[in-house]
Amino acid sequence: MALISFSMSRRSNSFIVKLIPLAFVFCLTLQLPIANGRIQIQSLNIIPPNLVKACNNNNECISWIQKDRSKADLDSLQKADLKTIGFLALKKIEQEATNVSITVRLKLLNNSAQLSSDTQQALSDCNDHFIPAIELIDDAVDATVNGAFNDAINYYTTAITDFEVCYPHLKAMRTSNAVDVNDYVDNHIAEVANARNNLVKFIHIPLDILKVVAANSPH
């Protein structure tokens, strides 16, 4: 199976240096089909039973797992067991979280002169939670590979908490109580808030899948 593997060190002082090449490699290795200049989203014609089982027959989960995958990956997904589906779910959310973290880090590195002190603080606070959250997802990936599914659930649950802790820092930067990102004090906060909100829409899916994997694993 064409699985994309990457890891992050807790003690690395060059986190962003590792993240940026990762983002480009990930995009290149997807090899998504393109027609008329647009990426053509692939999906399975027949949903494999294990995917249905892992997702508890939830259409949102099934669609999310398939989204933005190459035909080769989708073909492999047809034969994937529950453990592999759990692995794929974690790697997908890890990449999506990494993309948000890259957005935050690049703003702090490249736009510092344009950012107010409040904006810099809010972004820094969020990034301080995103980095350990991504590392915890990586721990969950390792635990899943080793069949320690309950450990994977614990790691991932803690990661979710870190993602949620970021939200109050962004919410405090609103100009009103409205949800629309246009109500944030500047476009930098709005972009990060929008990216973070899109991420957490699906953040529960890997946890739900891991619970199914754990429940169906030999004891």
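The model is predicted, so local features are given at pLDDT of at least 70 and side-chain atom pairs at pLDDT 80 or more, while totals for chains, interfaces and linings use all residues. Residues are numbered from 1 along each chain as its sequence is written, and side-chain values use heavy atoms, with hydrogens and water left out.

In soluble globular proteins, nonpolar side chains tend to be buried together. Here the largest nonpolar core has 55 residues, and Ile65, Leu77, Tyr156, Phe163 and Ile209 have the most contacts inside it. A nonpolar core is a set of buried Ala, Val, Leu, Ile, Met, Phe, Trp, Tyr and Cys residues joined through side-chain atoms within 4.5 Å. Buried means under 20% relative accessible area, exposed means over 50%, and partly exposed is in between, with a 1.4 Å probe and protein chains only. Several helices each supply at least two residues of this core, among them H5 (82-110), H6 (117-145), H7 (149-171) and H8 (187-200). Helix H6 gives the most, with 11 residues. Helices here are DSSP runs (H or I, at least four residues), numbered from the N terminus.

Leaving aside residues up to four places away in sequence, Phe163 touches Ala97, Phe130, Ala133, Ile137, Arg196, Leu199 and Ile203; contact means heavy atoms within 4.5 Å. A search of the whole structure finds one aromatic pair. Rings of Phe, Tyr and Trp (its six-membered ring) pair if their centres lie within 6.5 Å; planes under 30 degrees apart count as stacked, over 60 as edge-to-face and the rest as tilted. Phe130 is buried at 1% relative accessibility, and Phe163 is buried at 1% as well.

Next come the charges. Side chains of opposite charge can pair when their charged atoms come close. The whole structure holds four salt bridges, a salt bridge being a side-chain nitrogen of Lys or Arg within 4 Å of a carboxyl oxygen of Asp or Glu. In one of them, Asp75 meets Lys71, with the closest N and O atoms 3.1 Å apart. These two are four residues apart in helix H4, and so about one helical turn separates them. Asp75 is partly exposed at 37% relative accessibility, whereas Lys71 is exposed at 51%.

Another salt bridge joins the side chains of Lys107 and Glu191 (2.9 Å, N to O). Because Lys107 lies in helix H5 and Glu191 in helix H8, this pair ties together parts that are 84 residues apart in sequence. Lys107 is buried at 7% relative accessibility, while Glu191 is partly exposed at 40%.

At its start, a side-chain oxygen of Asp186 reaches to within 3.0 Å of the backbone nitrogen of His188. Buried residues in H8 include His188, Ile189, Val192, Arg196 and Leu199, and what covers the buried residues of this helix includes H5, H6 and H7. The end C-alpha atoms of H8 are 20 Å apart, which agrees with the 20 Å that its 14 residues should span at 1.5 Å a residue; the expected span is 1.5 Å times one less than the number of residues.

Conventions
A polar contact is a pair of N or O atoms within 3.5 Å; within protein, one must be able to donate a hydrogen and the other to accept it, and residues adjacent in sequence count only if both atoms are side-chain atoms.
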